[in-house]
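Visitor: Can you walk me through this one? I'd like the cut-offs along with the answers.
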Amino acid sequence: MFDNVGPSERKLRIIAGLVLMVIGFAAPTPDQFNIAFTSLGVILLLPAALGFCPFKALVLRKLS
């Protein structure tokens with residue numbers, strides 16, 4: 001497998017993922033929003049930890 005997440009994008013994903021997870025755990029919002037924020041935070045942290053984003057690989061794929 002190859003890396004398609006650069007170092008600056010990785011830092012941005014980590015920061016955004018942690019912010020969303022903190023909002024999901026600490027913000028006084030309804031339970032549905034807490035679950036949604038936490039899930040989005042995890043979705044952003046996984047590709048940052050692995051260095052590979054499957055969605056980005058599909059979007060940037062050359063068709064011809």
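Guide: One definition to begin with: buried means under 20% relative accessible area, exposed means over 50%, and partly exposed is in between, with a 1.4 Å probe and protein chains only. This is a predicted model, where local features need pLDDT of at least 70, side-chain atom pairs count only at pLDDT 80 or more, and totals for chains, interfaces and linings use all residues. Residues are numbered from 1 along each chain as its sequence is written, and side-chain values use heavy atoms, with hydrogens and water left out.

Visitor: Ok. Where does Lys 56 fall, buried, exposed or partly exposed?
Guide: Lys 56 has a relative accessible area of 22%, so it is partly exposed.

Visitor: How many salt bridges are there?
Guide: The structure holds 2, a salt bridge being a side-chain nitrogen of Lys or Arg within 4 Å of a carboxyl oxygen of Asp or Glu. Lys 56 and Glu 9 form one of them, at 2.6 Å from N to O. Lys 56 is in helix α3 (residues 54-59) and Glu 9 in helix α1, so the pair ties together parts 47 residues apart in sequence. Helices here are DSSP runs of H or I with at least four residues, numbered from the N terminus.

Visitor: What does Arg 13 pair with?
Guide: Arg 13 forms a salt bridge with Glu 9, with the closest N and O atoms 2.9 Å apart. The two are 4 residues apart in helix α1, which means about one helical turn between them.

Visitor: New topic. How do the axes of α1 and α2 cross?
Guide: The axes of α1 and helix α2 (residues 31-50) come within 7 Å and cross at roughly 155°. That makes α1 roughly antiparallel to α2, a label for angles over 145 degrees. Axes are lines fitted to C-alpha atoms, for helices over the stretch in contact, and angles run from 0 to 180 degrees between N-to-C directions.

Visitor: Which residues form the nonpolar patch on the surface?
Guide: Ile 15, Val 19 and Ile 23 do, with about 240 Å² of accessible area together. Patch residues have over 30% relative accessible area and no salt bridge, and nonpolar side chains are joined within 5 Å. Val 19 lies in helix α1 (residues 7-26) and counts as partly exposed, at 44% relative accessibility.

Methods. Patches are made of residues with over 30% relative accessible area and no salt bridge: like charges are joined within 9 Å, nonpolar side chains (Val, Leu, Ile, Met, Phe, Trp, Tyr) within 5 Å. Accessible areas come from the Shrake-Rupley method with a 1.4 Å probe; for residues, only the protein chains shown count as cover. Angles under 35 degrees count as roughly parallel, over 145 as roughly antiparallel, 65 to 115 as roughly perpendicular and the rest as oblique.
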